[in-house]
Amino acid sequence: MPELRIDPLTGEKVIVATERATRPGGELRAQPAPALDAEADPFAQGHEDRTPPEVFALRPDGSGPDSPGWTVRVVPNLYPALAPDAAEPPAEANRDLFGASAASGGHEVIVNGPESVTTLLELAPEQLAIAMEVWRMRMQAHAEASYVHVIVNERREAGASLPHTHAQLYALPFVPAAVARERERFGAYATRTMGQNLLGDLVQEEVRRRERLIAIDDEAVLLAPYGARFPYQLMIAPRRPRARFEDGGPLGAALLHDALGRLARRLGASPPLNLWVRTAPQGAEYFCWRIDVLPRLVHLAGLELGTGVSLNIVAPEQVAAELREA
């Protein structure tokens, strides 16, 4: 029977209706990504002149900027959503109805590796860890922002305009409403429990129950979240709560690589997906970072778009059981 769940971290409601997976066309599989043309790849090593000048790079051999020899490279987004020098919009007489301000901030592309590969999974585990360290370093470089959001979009179906694996960093001049709600939930939980951490306690309980636990290592845990909005949605969280991803400590890189491999084996190929790092926003006294992974296997429809209520046709408990064996 369908079940209505509330995500403990976000407060969002989701309907888990596994019977709908038996509808015609309900089988969830992923197709391999199209081949990447290395000669046309602007992010490949040797093509540094096809991007804006780099703002940061790891260069073990001491090579010069905008030349080969890098392991991770950061450039401004060629089509930025935010800009440090964004102009103020024209004054509006009725600001109560038509509010606007300058879209100031930062928007960077972090090229996760020099080889022409399309997924984080195709990176060696060591290279993924190096790339994630640079995510952390660039978050630190934008510490003045109200919120720093790091994402990875894989495949055009998930919003990627270029196939070479890369992350994007948005340094926002405001705390997004969804993040602010989570900050409030962490604070309210701490008040009710005399200072306990919401995600820290959730991790402990999930490890104890084990029904949604997929894997665990010395740094982090891999879960199918109780309130998962999409089939095969995953979450990586540190074993001990830490507010900010950018403050050092566990990365969760090994477990992320493991998670992506399990998804590919279960679904037949690496799926289109969105990934992001949730870190503590400005003003958060209580928080814990996590990494959310959302495979794009289904389409949003009228229920999700019109109400914000998600409909998930694969129970998180089933996902965890399948991926533990994958």
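Helices and strands here are DSSP runs, numbered from the N terminus. The model shown in these views is predicted.

**View A. The largest pocket and its lining.** The largest pocket has a volume of about 490 Å³. Its lining consists of 29 residues, and those nearest the centre of the pocket are Arg-229, Trp-276, Arg-278, Arg-290 and Asp-292. Helix H2 gives the most, with four residues. Sorted by class, the lining of the largest pocket holds 14 nonpolar, 10 charged and five polar residues.

**View B. Packing of helix H2 against helix H3.** The axes of H2 and H3 lie 9 Å apart, at an angle of about 75°. Angles of 65 to 115 degrees count as roughly perpendicular, so H2 is roughly perpendicular to H3. From H2, Arg-185, Phe-186 and Tyr-189 meet Leu-198, Leu-199 and Asp-201 of H3. The contact of H2 with H3 is made up of four nonpolar and two charged residues, with no polar ones.

**View C. Packing of helix H1 against helix H4.** H1 (residues 125-141) packs on H4 (residues 253-267) with the axes 9 Å apart and an angle of about 125°. The two helices are therefore oblique to each other. The crossing of H1 past H4 is right-handed. On the H1 side the contact is made by Pro-125, Leu-128, Ala-129 and Met-132, and on the H4 side by Ala-253, Leu-256 and His-257. Six residues of the contact of H1 with H4 are nonpolar and one is polar, while no charged residue takes part.

**View D. Packing of helix H4 against helix H6.** The axis of H4 comes within 9 Å of the axis of helix H6 (residues 316-325), and the two cross at roughly 95°. H4 and H6 are therefore roughly perpendicular to each other. Arg-262, Leu-263 and Arg-266 of H4 make the contact with Glu-322, Leu-323 and Arg-324 of H6.

Methods:
Residues numbered from 1 in each chain as written. Predicted model: local features only at pLDDT ≥ 70, side-chain atom pairs only at ≥ 80, totals over all residues. Heavy atoms only, no water. Axes fitted to C-alpha atoms, helices over the stretch in contact; angles between N-to-C directions. Parallel < 35°, antiparallel > 145°, perpendicular 65-115°, else oblique. Left-handed = near helix turned anticlockwise from the far one by under 90°. Contact = heavy atoms within 4.5 Å. Nonpolar A, V, L, I, M, F, W, Y, C, P; charged D, E, K, R; others polar. 1 Å grid on protein atoms, 1.4 Å probe; cavity = no way out; pocket = protein on both sides within 12 Å on 5 of 7 lines; lining within 4 Å. Points joined across faces, edges and corners; volume = space filled by probe spheres on them.
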